[in-house]
Amino acid sequence: LPPMTLLTTHAADHVTTLTLNRPETMNPLGAKGDGDAFAAACDAINADMDVRCVILTGAGRAFSAGGDIKAMKERTGTFGGTAPEIADGYRNNIHKVLRALYGLRVPLIAAVNGPAIGLGCDLACLADMRIASDRAKFGVTFLKLGIIPGDGGTWILPRIIGEARAAELFYTGDVIDAQTALDWGLVSRVVAGETLMDEARALAARVAAMPPHALRQAKNLMRQGRSISYDTALEMAANTQALMHLTDDHMEGIDALLEKRPPRFEGR
């Protein structure tokens, strides 16, 4: 049987929720079409100014167990063929998933409901914010399978928890619990499993209350700040700020503050 469609999408109140939906097999990734599914979903979100925040979570007991071990064992799909064919499988499918999430222009919250292992962990780490269920676990266990992080994880994880802790996880294959993930700064909070989505939606609602153009520009400036000089960051900030000062939402923010009421931003 072919794998179930990877993603389900739900939109409400300026928030889109993406759910990894292969619960019977712990939401593995790498089946044919996975990259295209993510690319289509994220392109639609970026094109829709009504969307101000995205939540990514997993159906069932796992967030994602990572690459499909069964397919690796059978050397099928993304994991089959010659070395150049496997490399292209990563580029044209798994990397499409990651590029799509990384390319989201609105803030992304990962609501990590259970194990996030290997590619699943790196997927969560592409989010701007991570909330974990107390049942969540995190690991980058590639070396235990005799492979390396084929998803850019060696670039992603050190930026979140620092070089030393990332190295410890990569080189030992250890899996850490939610509390350790909190202590290490991998997640910003741990909540009871049954309240996870309520907490994620409450956070998303606070994000979605912000003005949509400024929200997207703030994410862009944070993203660019990883690789540019301070002088360049200041120049980008000046030019972006000039545009924001001329928006109706800026005036609405000022009026709301002076009138002591919540602002109503409309993206104008």
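I began with the second largest pocket, where α9 contributes the most to the lining, five residues. The model is predicted, so I kept its limits in view: local features need pLDDT of at least 70, side-chain atom pairs count only at pLDDT 80 or more, and totals for chains, interfaces and linings use all residues. Residues are numbered from 1 along each chain as its sequence is written.

I noted the terms. A pocket is an open set of points on a 1 Å grid over the protein atoms alone, where a 1.4 Å probe fits, with protein on both sides within 12 Å along at least five of seven lines; lining residues have an atom within 4 Å of a point. Helices (H or I, at least four residues) and strands (E, at least two) are DSSP runs, numbered from the N terminus.

I looked up the volume of this pocket, which is about 340 Å³ (the space filled by probe spheres set on the points). Of its 18 lining residues, A127, D128, M222, R223 and R226 are the closest to the centre. Two or more residues each come from β6 (129-133), α5 (153-161) and α9 (212-224).

Next I turned to a sheet. Three strands form an open sheet, ordered β5-β7-β8, with mixed pairing (two strands pair if DSSP finds at least two bridges between them). β5 (115-117) and β8 (175-177) are at the edges with a single partner strand each, so one side of each has no neighbour in the sheet.

I then checked β5 against β7 (residues 137-139): three bridges join them, and they run parallel. P115 is opposite K137 in β7.

Terms used. Heavy atoms only, no water.
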